[in-house]
Amino acid sequence: MEFLNELQTAAFWTGLLAIIWVNIILSGDNAVVIALAARSLPPRQQKQAVIWGAGAAVVLRIILTIVAVELLRLPWLRLIGGVLLFWIAVKLMVPEDGVDSSDNLWAAIKTILIADLVMSLDNVIAVAAVAKDSFVLLILGLAISIPLVIFGATMLMKLMGRWPIIISIGAALIGYVAGEMLVTDPVVKDWVDANAAWLHWAAAVAGAIFVVALGKWLAARAEAASKEVVDLGEGGESKAPH
């Protein structure tokens, strides 16, 4: 009965629309992570990774919302999360070859979940603030965000296939978020705000540049190593007796 009564209030529908809007705004980086993680999979597994990754990420976000406010007060959490995001962003720029497709699918889903766990701490606080004490409103709002994330990730994968530069832009976005997280940890936030507020944007920009530069360097090394293996293989075949 309480649920039905809640549905009949204007506050419920206003809150639901607000949560959907917040998710549209804040889920862009999550769609980027999903698209980057799934782009190297076969088409059928791309759909699986997007659906399972987005669905599991939203469930994770619901759980996070319950404890997010307290989590963000813990020292070192954002610093660790920022470093973890740097690693994920660089890893997503380097193409993976020679890995079993089923392993790739689960690896993509794990990457999506880890990145979403780190990147969603701020998102869930915004959603929790809008939902207030309504658990039903929270779950409905986040559940409706699943198709938004899936659509965004699917579109991004298509665009990445056509314009590879979007891969670098996506990784740079994750690096930007990671750099910003480093200077908002409770351990350093008060000092940064009081003495070097410019570090907020400087760390974010530096994070984006760092990820793209290191990612491109590692990708170039991997490509050169792969080419060398192919050349050696072809050389061995040419020398083989007929």
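## An aromatic pair

F210 sits in helix α10, which spans residues 199-239. Helices here are DSSP runs of H or I with at least four residues, strands are E runs of at least two, and both are numbered from the N terminus. The model is predicted, so local features need pLDDT of at least 70, side-chain atom pairs count only at pLDDT 80 or more, and totals for chains, interfaces and linings use all residues. Residues are numbered from 1 along each chain as its sequence is written, and side-chain values use heavy atoms, with hydrogens and water left out.

How many aromatic pairs does a search of the whole structure find? The search finds one. The ring centres of F86 and F210 are 5.6 Å apart and the planes stand at 85°, so this pair is edge-to-face. The rule is simple: rings of Phe, Tyr and Trp (its six-membered ring) pair if their centres lie within 6.5 Å; planes under 30 degrees apart are stacked, over 60 edge-to-face, and the rest tilted. F86 belongs to helix α5 (residues 77-93) and F210 to helix α10, so the pair ties together parts 124 residues apart in sequence.

The two partners have their own surroundings. F86 is buried, with a relative accessible area of 13%. F210 is partly exposed, at 44%. Buried means under 20% relative accessible area, exposed means over 50%, and partly exposed lies in between (1.4 Å probe, protein chains only).

## Overall fold and confidence

The protein chain has 10 helices and zero strands. From the N terminus on, its elements run α-α-α-α-α-α-α-α-α-α. Of its 242 residues, 41% are buried. Take the contacts with a separation of 6 or more: residues 24 or more positions apart account for 85% of them. Contact means heavy atoms within 4.5 Å.

The protein chain averages 77, and 74% of the residues score at least 70. Among the elements, helix α1 (residues 2-7) has the lowest mean pLDDT, 61, while helix α9 (residues 189-195) has the highest, 90. Over residues 98-102 the pLDDT stays under 50, and the model has four contacts for them beyond four places in sequence. Where pLDDT is low, the predicted coordinates should not be read in detail.

## Buried places

Start with helix α3 (residues 28-38). Of its 11 residues, 10 are buried, so the helix is largely enclosed by the rest of the structure. Among the buried ones are D29, N30, V33, I34 and L36.

Next comes D185, in the loop between α8 (165-182) and α9. Is D185 buried or exposed? At 0% relative accessibility, D185 is buried. Its side chain reaches the backbone nitrogen of V187 at 2.9 Å. A polar contact is a pair of N or O atoms within 3.5 Å; within protein, one must be able to donate a hydrogen and the other to accept it, and residues adjacent in sequence count only if both atoms are side-chain atoms. Beyond its neighbours within four places in sequence, D185 is in contact with L74, P75, W76, L77, R78 and L79.

S168 is found in helix α8. S168 is buried too, with a relative accessible area of 9%. Setting aside neighbours within four places in sequence, S168 contacts M93, V212 and K216.

## Charged side chains

The structure has one salt bridge. This means a side-chain nitrogen of Lys or Arg within 4 Å of a carboxyl oxygen of Asp or Glu. K189 forms it with D193, and their closest N and O atoms are 2.7 Å apart. Both lie in helix α9, four residues apart, so about one helical turn separates K189 and D193. K189 is partly exposed, at 32% relative accessible area. D193 is partly exposed as well, at 36%.

R162 lies over the face of W163, at 5.6 Å from the ring centre. For this, NZ of Lys or CZ of Arg must be within 6 Å of the ring centre and within 35 degrees of the ring normal.

K47 lies in helix α4 (residues 43-71). K47 is exposed, with a relative accessible area of 60%. K47 and A153 are 106 residues apart in sequence, yet 9.8 Å apart in space, C-alpha to C-alpha.

Technical notes
pLDDT is the predictor's confidence in each residue, from 0 to 100.
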